[in-house]
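Please keep the structure open beside you as you read.

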Amino acid sequence: MAVSKIKVVSIIGRMKDLGQVTAVCGKSGIFHPDNALSFYSDTSQFTPLTEENPYADPLQQLTDAVSSVRKKLTLLPEKKVASAAQMEDKQLFAYTKRVSGAFAQLQADRQKAQQQIQKYTQDLSQFEHFTGLDLDLDEIRACEYIKVRFGRLPKESYDKMNLYTENPYVIFFPSSNDEHYYWGVYFAPIEVVSEVDRIFSGLYFERIWLTTFTGSPESACDDIRRQREKAIEEIKSIDSRIAELWEKERAQCQYAYTVLTEKSVCFGIRRYAARYHGNFILTGWIPAECEKSFSTSLDAIDSVEYSFADAKDELAHSPPIRLKNRFLFRPFEFFVDMYGLPAYDEVDPTPFVAFTYILLFGIMFGDLGQGLVVSLVGWIMWKWRKMPLGKILVPCGISSAIFGTIFGSVFGLEHVLDPFYQTVFHLEEKPIEVMDADTTNLIIYAAIGIGLVLVVLAILINIYSSLRRRHYENALFGPNGVAGLVFYCSIVVGFGGQIVFGWQIVNTAYVLCLIVLPLAVIFFREILGALVEGRREDLPKKWGDFLMQNFFEVFEFLLSYATNTMSFLRVGAFVLVHAGMMLVVFTLAEMLPGIGYLIVAVIGNIFIMCLEGLLVGIQVLRLEFYEMFSRFFDGTGRAFHPVTVRREE
């Protein structure tokens, strides 16, 4: 229905012109390259191109260097690049190397200064704990017979110091403390320092080395602060130089980045090409409506020859799929893509999904007020966050509002629209009272009726799609083909009509011709399909295995007819669930006077909108995928992804 027409283009030319051809293909934004070798049966004379992309490394180097200094590169408009002074590749590479090196050096200097600041901060945080000690670090280092150990001791260990009173050297002099540790120092003669160190190690003493500092702890802290301030000033100076360099080189950097990106993307197309002696062969796909403009671009290259073929003639190569739907249906491509894209000759299910999803969502979540809120939330989700689901919620919310008007429900209030019905339709009250016993039965029957119609529509779509694809076995003899349609409709009309309307049309001829015969056709569908399509080699070799396998398959088909139809009961069930849940909310609200009523009503509505909106959305999607999609949609297509330098957001 809405699969855009695609053409395959084959381009042949001299190797020296391959760069121009890839530039045309890449800048066109419409060329989807494909492996050229796959289009030829004899590839013994062909050689795949495995060249290294010369633009990838400079591009990565420039991007990394600029991002490291917290600047952002953006692609320039194509017209602006074309009007600028062009640079040869050597000039481009040289400029990239120079400016990247400059930014990288500045960033390296900044990181070095940052590391120094971190070190000074860490040293200061440690050293400040010892400022209460009246010590000179230079004098301590000059001691020949005494060793000094600075560090911290857990408070639990400090409390255990009295256990070592027999050793006169196990003495800890604290200078500061917090809730977990004491910071301080201990001294020991050189001949017993090993024993004292062992004791303090057992007390979980953590040593802090102060060998790089001189003078008193106070003067050392002042010196650290001065060095840290100097490093901070160095960072400010480097940031200023980075800003100056960026301001000077920004325009040229953006130009180099844009040209390198264009050339790198276009060069990437070369890996799809093949060499044939001194020539190249390149194959890809383009939208059919772009054939003329693409031809005009290739005509500018003298040695190049090309040809176009319709994608329907190249189905063996699985033409890529580009869906093209109207504004209302386009958001539902998101759901189709979740299941899989249609093959090129397959029917696009998007319009069917859009119509049925909006319809079923509206019925199952019918509330005028809540539906409008859902639409508003969907609009906000799309406008602010660009969430695909937001665009889907907008029409679904409108559908909910429409059916909410029919059901007479506004934020769960079931009779606020009665004046509207009295004025416009001259009714005493709303036409459908959901919780009425007779109406409940009608809703259930209507849900099954909707299911019957949608299942039949899915089968009809499968018949149309299969005939168009010349899959006659599936179209005529399959469970979702003509045979299945006759069987399903006969069961529904014959037995359903007898139960609901009292029709007495089921007799022996009816059963044999419209029920038994279609079942037999479905049972032998593989044989009939092979005969019609001329596939004699597919006829069964072992009849016993064939009969056993098809017996269980037909039994499975019969179950699927019943279960798929009964699954639509959930459509009616959710209509009743919505009314029942809102009844509970207002029953609880009526228990509270004044503002309490309003609070419960608002919170209850919000809760039900979130819960029921999620459940209904999932359940409708389940009906789409399992009860309808599976009947006519294979989802074996691949997406159309043209090579693009500047992608649209």
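A salt bridge here is a side-chain nitrogen of Lys or Arg within 4 Å of a carboxyl oxygen of Asp or Glu. This is a predicted model, in which local features need pLDDT of at least 70, side-chain atom pairs count only at pLDDT 80 or more, and totals for chains, interfaces and linings use all residues. Residues are numbered from 1 along each chain as its sequence is written, and side-chain values use heavy atoms, with hydrogens and water left out.

**Charged pairs**

The structure holds 23 salt bridges. Three of them are listed below, among them the pair of R225 and E128.

| Pair | N to O distance |
|---|---|
| R270 and E51 | 2.7 Å |
| R225 and E128 | 2.9 Å |
| R469 and E346 | 4.0 Å |

Helices (H or I, at least four residues) and strands (E, at least two) are DSSP runs, numbered from the N terminus. For accessibility, buried means under 20% relative accessible area, exposed over 50%, and partly exposed in between (1.4 Å probe, protein chains only).

Take the salt bridge of R225 and E128. R225 lies in helix 8, while E128 sits in the loop between helix 4 (89-127) and helix 5 (137-142), so the pair ties together parts that are 97 residues apart in sequence. R225 is partly exposed at 33% relative accessibility, and E128 is partly exposed at 35%.

R270 and E51 also meet in a salt bridge. This pair links distant parts of the chain, 219 residues apart: R270 is in the loop between helix 8 and strand 8, and E51 is in the loop between strand 3 (46-48) and helix 2 (56-68). R270 is buried, with a relative accessible area of 12%, whereas E51 is partly exposed at 38%. Where contact means heavy atoms within 4.5 Å, R270 touches M15, L18, G19, T22, L49 and E51, leaving aside neighbours within four places in sequence.

What about R469 and E346? Both are buried.

**Sheets**

Two strands pair if DSSP finds at least two bridges between them. An open sheet is formed by 4 strands in the order 5-6-4-7, with antiparallel pairing. Its edges are strand 5 (173-177) and strand 7 (206-207), each pairing on one side only. Inside this sheet, strand 4 (residues 146-154) and strand 6 (residues 181-189) are joined by 9 bridges, and R152 stands opposite W183 in strand 6. Helix 7 (residues 193-202) packs on the sheet, touching strand 4 and strand 6.

Elsewhere, strand 1 (residues 6-14) pairs antiparallel with strand 9 (residues 279-287) over 9 bridges. Strand 1 is also joined to strand 10 (residues 305-310), again antiparallel, by 6 bridges. I11 shows both pairings: its bridge partner in strand 9 is L282, and Y306 stands opposite in strand 10.

Is F501 buried or exposed? F501 is exposed, with a relative accessible area of 60%, and lies in the loop between helix 17 (482-500) and helix 18 (508-523).

F329 is in the loop between strand 10 and helix 10 (333-339), and is partly exposed at 24% relative accessibility. F329 touches T350, P351 and A354, not counting residues up to four places away in sequence. The C-alpha atoms of F329 and W503 are separated by 40 Å, with the two residues 174 apart along the chain.

Notes
Axes are lines fitted to C-alpha atoms, for helices over the stretch in contact, and angles run from 0 to 180 degrees between N-to-C directions.
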